[in-house]
Amino acid sequence: MAETTANDSRLFTPYNMGKFNLSHRVVLAPMTRCRALNGIPGPALATYYQQRSTPGSFLISEGTAVSPTAPGYFRNSI
């Protein structure tokens with residue numbers, strides 16, 4: 001099998017996804033980090049995702065718990 005280099009890969013080529021024109025095909029998938037304090041996302045989360053995005057990228061942010069039992073495990077701080 002031939003070796004693939006970054007220059008050969010379509011991963012870093014532009015992609016049109018509906019009305020979104022992405023500069024590459026790398027997507028940050030959603031993660032359940034549970035860092036929203038008291039269930040409310042704050043400035044720290046905005047900074048976290050800003051650090052991981054690039055112009056023309058597609059980033060799916062994490063969800064937040066809608067009730068104390070929503071995370072599916074016991075946690076005192078929600």
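In the predicted model, F58 is located in strand β4. With a relative accessible area of 28%, F58 is partly exposed, since this value falls between the limits of under 20% for buried and over 50% for exposed residues. When neighbours within four places in sequence are left aside, the contacts of F58 are with M17, L22, V26, V27 and L28. The C-alpha atoms of F58 and S23 are 9.0 Å apart in space, although the two residues are 35 residues apart in sequence.

The segment after β4 contains I60, which counts as partly exposed at 33% relative accessibility. For I60 and V27, which are 33 residues apart along the chain, the C-alpha separation is 7.8 Å.

The protein chain as a whole comprises 1 helix and 4 strands, arranged from the N terminus on in the order β-β-β-α-β. Of its 78 residues, 12% are buried, and the accessible surface amounts to about 6,300 Å², with 58% of this area belonging to carbon and sulfur atoms. Among the contacts with a separation of 6 or more, 46% are accounted for by residues 24 or more positions apart.

Helix α1 spans residues 43-51, and within this helix L45, Y48 and Y49 are buried. Viewed down the axis of α1, the buried residues fall within an arc of 90 degrees, and they therefore line one face of the helix. These buried residues of α1 pack against β3 (27-28) and β4 (58-59), whereas the face turned away from the buried side carries the exposed residues P43, A44, Q50 and Q51.

The loop between β3 and α1 includes P41, which is counted as partly exposed because its relative accessibility is 49%. Apart from residues up to four places away in sequence, P41 touches A36 and T64. A further spatial relation of P41 concerns E62, which is 21 residues apart from P41 in sequence and 9.6 Å apart from P41 in space, C-alpha to C-alpha.

In the loop between β2 (20-22) and β3 lies H24, a residue that is buried, with a relative accessible area of 15%, as the threshold for burial is under 20%. The side chains of H24 and T54 are joined by a polar contact of 3.0 Å. Not counting residues up to four places away in sequence, H24 touches L11, F12, T13, P14, T54, G56 and S57, and T54 is thus linked to H24 both through this set of contacts and through the polar contact between the side chains, the criterion for the latter being a pair of N or O atoms within 3.5 Å.

Two of the residues touched by H24, namely L11 and F12, also take part in a nonpolar patch on the surface, which is formed by L11, F12 and V26 and has about 260 Å² of accessible area together.

How values were computed. Residues are numbered from 1 along each chain as its sequence is written. This is a predicted model: local features need pLDDT of at least 70, side-chain atom pairs count only at pLDDT 80 or more; totals for chains, interfaces and linings use all residues. Side-chain values use heavy atoms; hydrogens and water are left out. Patches are made of residues with over 30% relative accessible area and no salt bridge: like charges are joined within 9 Å, nonpolar side chains (Val, Leu, Ile, Met, Phe, Trp, Tyr) within 5 Å. Accessible areas come from the Shrake-Rupley method with a 1.4 Å probe; for residues, only the protein chains shown count as cover. A salt bridge is a side-chain nitrogen of Lys or Arg within 4 Å of a carboxyl oxygen of Asp or Glu. Buried means under 20% relative accessible area, exposed over 50%, partly exposed in between (1.4 Å probe, protein chains only). Helices (H or I, at least four residues) and strands (E, at least two) are DSSP runs, numbered from the N terminus. The arc is that of the directions from the helix axis to the C-beta atoms. Contact means heavy atoms within 4.5 Å. A polar contact is a pair of N or O atoms within 3.5 Å; within protein, one must be able to donate a hydrogen and the other to accept it, and residues adjacent in sequence count only if both atoms are side-chain atoms.
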